[in-house]
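Below is a short briefing on a protein structure, with the points grouped by topic for a reader who wants the cut-offs stated alongside the values.

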Amino acid sequence: MHNFSLIETRGDAGKAVSMLLARLLEQNMVQAVIVPAAVPPSVLPMTRLLNNPADLDQTSPLAPVAGVSAATQAAKISRGPQEIKIAAVLRPCEIRALVELHKLNQAQLDNLLVIGLECPGRLENQDYIDLQDQNQDLDQRFYRDEDLQSRIAITCRSCIDFLPENAHLNICVLGLDLDQQAGIAWDEGPGADAARALELKPGQEPGERGRAVDSLRSQRESAREEVMSRSRETISSSSGLQSMIAHCLGCFNCQRACPVCFCRECVCSREAFEQNLEMLHTRAGRTGGIRLPAGMTMFHLTRLAHMAHACVGCGQCSSVCPIHIPVADIFRTVAAATQKELDYKAGRSPEEPIPHLNFSTEGDQ
Amino acid sequence: MNTGISRPEEAGTDNSRHKELDVLALVCNWCTYTAADLAGVTRLHYPAQVRLIRFMCTGMIDMRYILSCFLDGADGVFIGGCHPGDCHYLTGNLKARVRIKGIRPVLESVGIPPQRLRLEWIGASEGKKLQEDLTSFARVIEQLGPSDYKGMNLV
Amino acid sequence: MKEAARALVMGGGVSGLKAAMDLARAGCSVFLAEKQAVPAGLLLGLDRQFPSNHCGLCRVLPPDPSGRTWQACMRRGFGHPGIEFFPGFEVQDIQGSPGNMSATLIRQTLMVDSDKCNACMQCVEVCPVHMPDLFSTGQIPVKAISRAAPHRPPHHLAISLEACTLCGRCRDACREGAIDLDAAREEKVLDNLDFAVLASGVEYCLPEVYNLYQSAAHADVITTLDFEALLSSAGTDIMRPSDGRPVRRAAWVQCAGSRSLKLEADHCSGICCMISLKQASLAREKDIQCSIFYMDMRTSGRDWQKYLDRAREKGVELIRCRPHSIEQVPEEQILRIPHAPSPGNQQDRDFDLVVLSVGRDPAWKPPEYAGREGVFTSPGSRRVLDIARSIIAASATAATALGEDRQESLPDQEAKDQDQVHSRVLVVGAGPAGLSAALTLAAGNIPVVLVEQKDHLGGHGLSNISPEQRKEVQDLAARAMEHKLVQVYPSAAVISCTGPAGGFKSRIRDSSGDEKEILHGAAVLATGGRAAPVARQEDRTADIFEYSRRIFAAGNSGEAPESVIFILCHNTRQEPANYCSRVCCSLALKSCLQTLSLRPEAEVTVFYRDIMVQGDDEELYTRARSEGVRFIPYSPDAPPSLEAKDGKIRVKGSDPYLSEESEYEAEQLVLAPGVVPAAGSEMARIFNVHSSAEGFLCEADAKYRPVESGRAGIFICGLARNPVPFKEAVLEGRAAAMSALGLLKQGLDSRLQTFVRVKPALCSLCGLCLEACPFKARYAHEETGAMAVDPLACRGCGACVAVCPNKASAWSEQLEENVHELN
């Protein structure tokens, strides 16, 4: 992004960002805001739709947690009437998911002012709740406490795409002392319009930020290589794959939590009800009988086949698995191979066509 | 949309060696199946472990059909469609091609080497090519041996 | 009008099949006679067809969503409930008058009983008669009894009675009693026929008969038809017929049996240039050195010039020269063609194989009954046509036959408008093509809305130089104005068109500027074209259309300039207008002749690249040369340069035969800039169909569906689709109307079959199926936004089902159970 501006945080960066959002509403730059907020008695910030500037002081835009992926909701709301512009505070993986959903007609990007959040990672929901009990200002502390940062969700630990792309406005936290200042970055277009409304003055980007980003990236890259080589090895045989997914309960949580799995109802969950009993008996007659509910391996492979090209690496699938199958690790591994083969990167650009629709006549088999 | 399974019982070749290997050939009705007809008419033999399944178009071959074949114990899946430009439905074969390109890395990741899935363009008049392609594919599968998923009875 | 007209179609090749299918679709009872044992004629031998170089045998039969017939590969045979097929029969004679005609059919091919035959081939073994065969691969000796067609099973044998001597050896050799030679004398008489369509094609020239290039003496001098067979049976190499060695160098010699005064063949066969280019392009893929000896490369079709360019890029060599002989060099087993590509440059070229590009047999005449009342002859039975033009001609002929049969009919279709399918057709453009389409539809009881941009009907047809053709257009226009089923909107334009086939909703703006909504079931786009603009240098320059109008205007009393220079293909047949406009050459030749007849001493010079006259228009070229018109070829790399001086035009060009630059002066310069489509890209946008870079509307299938656009229910014809002369525009208009008529008849059929459905509760409206559907059969419903399927456009390929991740897009209930169960 070309323009960068520092804002004073006075010890509460979340509050400072909330105030910017409130000003966007007041200036009528947007008519609604999508942002995480914990409403008592709950302590876990969840995606919330607000359109009253006064309500913004209760929100937690920087909370290091994503109850669910906000992409699904932002996409859904964006399909509303064209007069209503919405500012959505989204993590990088959520923006990528939003871009994928846009290609599938599930989102209307024109209606959104996308505010991207630099993301050092998110805590698992339960961890956040537990830590909240021990730390009064968890949202603020997280950004300076390396110990807290080391407890982020397992998928986030090997995420290298932690800088938001395709956003209009970025909230910058890396390499900054959030107790003093946070950064806002933007490019020409809607982002610049918003920056003007917020009276942000372009300034010098602190050099420290580049170093912080590089160091985080190299740390993540080695973690990612390790995760991928481990799961690559495990899943590359039928027994290895089974060792990971054989105890799948068939709850379909991973599919429902996945922000890019856009089907109203998964073909596999429907088939669970429509099993051909005759066929099941035939299969049961083979050595070892058949595992029930049937179709679980097919379910995971179908999701890989359908979504590997679109996987944005958010890790929600792993987070919601009741028996801790490393679904996201498997996906990350297969997605890397698939996206490389198709020369595609999920969420890279809204203009990039879905690879399965590219029926080029060129080339051979 | 008849997808009849046929297994040519062929005398004179040694079946016992690869009796347990299964090769499914998913072929398009218009070109490759016509080529198979022609191969039959001209009495060309193709390997006995190949079973032909006829589809109206390779473009209707869902990725799940391919997964299903492998989970069900197929050792190789052969897809035969029209040459680019020949598709009865204009671009079905190209859809198959990009779909196969997308599913190959998935299969490879879970232990099904890419050689076990092959796409060939076989025109309606190419009975000979059908025979050659099926034979060479069956030979590759024979060298690879049974698939890792064979006998797992997974669904 | 009777309930169903009884129609006889003669010839089961591509034309005959098309005419028969069209008539059956329009509700006739059709009898189809084909002298071979199997239908599709020549096509069965063409594995790779012009212009796509692909097989297309599965697209010959039209799709029929009513499910009564279905497309099948022609190699597998043919059946249609509306057509009674008589394989092996030829029409010997037709008697009587329309409405009560009777035809006598005699056997030409006798089929061996395939239920009894066990393919022992003893019959073929003992047959003493050898004969030439269209499908011969050169490997199996062809006998009078042989396999019915290359793809037929070995027990499908047939006896050609043209060759058979009825000696009976095959019958005696057959232990199964599958051969009944008594049936050879079988005759059939068809009575009470309303009309007949002759579509049996023409005979090709056999070089042996005319002793062309002593071909009978050289086994490796073959015809283009033979070469198809060689290609078909070829593996990685093409083998020489004489010794089975792979061919490395091959030559094609154009105009074998055509364009020859000696053979009394003063005609151009029209498609041999393209046949040779196709064959040479395919041979290049087998790494054969290919040379074509030609006089003019007649790439007279929309994409044909580009086809030539592609062939050249593939390395096909073009040599402008008509060889006088082919010599055999016995010791080297090669064929030598001595030729002189430029004066004084005598060369010998050696080849392994020489292919004579044969066209229509000079002696060929249509059968005697072709001209009788009630017998409609397809233009494809007068001259050689490529696949697309055969299809158009056959359709148009069927339309004409049907139209004349139905003259007294009354409108009865308006009532149907409440149904899902509207019977009305919107025709855009009232030139020759649009008017023909409108009147053909009206004759078939289909109400027509005719929208014309100008305030009068007739288009360019009104400025045609031929008085007969002008009269024809005026008649068409008058009939359209009077016809009670044709509603004419002059000075009007179409603004938008939405909806599926059968239920289009279009907005038009009429002459008073008011907008009006029109519901229609189909549309025919015939928006025509216009002369390409010429950068006018000065007064003494005219374009060919202007000049021809001027000198033909005053009949034979007009004034002609004392000297005139024509420059043909001016800025055309090269990028960005890389196509032949097809009208300029014959117009120029007629203008040359008219100039000379008005002023015999006039000096007329024509700069040309290739003279594109087809069929009998070749005579114009012959006459122009004999009357002293000077023809100078030029290459597009070095076009003649122009200069105006002292009230005269000076043209400098290099004459390749004189190998020097020469200067010519004339009082008048005439340029032929070609034609361009008038409203192609705008129509493409409004009707959501494809158009080419030049703005021509594109057809769904260049071979078998030439007048259909990619969107079901939208038909295209005339200059809007491709450059066509007047007569072809009329044919295309009729053919488009015939296709529209067939579609609507089907749409009104309650038995429409749907292959796929959408389950709305599961559908996420992602639109993947819209992208995947190759036939634009899917659309988002105008009001609800839900995905819907257009049954008239859907062909059941299943691409939408495969692309839909959760099967909200599903097979219809009837089909679902047939699709393989997966888990």
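Is Ala40(C) buried or exposed, by its relative accessibility? At 0% relative accessibility, Ala40(C) counts as buried, where buried means under 20% relative accessible area, exposed means over 50% and partly exposed lies in between, with a 1.4 Å probe and protein chains only.

This is a predicted model, in which local features need pLDDT of at least 70 and side-chain atom pairs count only at pLDDT 80 or more, while totals for chains, interfaces and linings use all residues. Residues are numbered from 1 along each chain as its sequence is written, chains are lettered from A and ligands numbered from 1 in the order in which they are written, and side-chain values use heavy atoms, with hydrogens and water left out.

**Chain A as a whole**

- Chain A contains 15 helices and seven strands, which are DSSP runs numbered from the N terminus (helices: H or I, at least four residues; strands: E, at least two).
- Along the principal axes, the C-alpha atoms of chain A fill a box of roughly 70 × 50 × 40 Å, and 55% of the 365 residues in chain A are buried.
- Of the contacts (heavy atoms within 4.5 Å) in chain A between residues at least 6 apart in sequence, 73% join residues at least 24 apart.
- Chain A has 35 positive and 45 negative side chains, with the centres of the two sets 4 Å apart; Lys and Arg count as positive and Asp and Glu as negative, without His and the chain ends, and each charge is placed at NZ of Lys, CZ of Arg, CG of Asp or CD of Glu.

**Salt bridges**

- Over all chains the structure holds 71 salt bridges, each being a side-chain nitrogen of Lys or Arg within 4 Å of a carboxyl oxygen of Asp or Glu.
- In chain A, Glu124(A) pairs with Arg122(A), the closest N and O atoms being 3.5 Å apart, and Arg122(A) is buried at 3% relative accessibility.
- A salt bridge also joins Glu352(A) and Arg348(A) at 2.7 Å, N to O; Glu352(A) is buried at 15% relative accessibility, whereas Arg348(A) is partly exposed at 37%.
- In chain C, Arg320(C) forms a salt bridge with Asp610(C), with 3.4 Å between the closest N and O atoms. This pair links distant parts of the chain, 290 residues apart, from strand 14 (residues 317-320) to the loop between strand 30 (603-608) and helix 13 (618-626).
- Asp610(C) is buried, with a relative accessible area of 7%, and a network of salt bridges links Arg259(C), Asp296(C), Arg298(C), Arg320(C), Arg573(C), Asp610(C) and Glu618(C).

**Backbone features in loops**

- The peptide bond joining Pro40(A) and Pro41(A) is cis, with omega about 10 degrees, and Pro41(A) is in the loop between strand 2 (32-37) and strand 3 (46-50) of chain A.
- Another cis peptide bond runs from Leu292(A) to Pro293(A), with omega near -5 degrees; Pro293(A) is in the loop between helix 12 (277-284) and helix 13 (296-307) of chain A.
- Leu90(B), a residue other than glycine, has a positive phi near 70 degrees and is partly exposed, with a relative accessible area of 29%.
- Ala40(C) has a positive phi near 95 degrees and lies in the loop between strand 2 (29-34) and strand 3 (83-87) of chain C.
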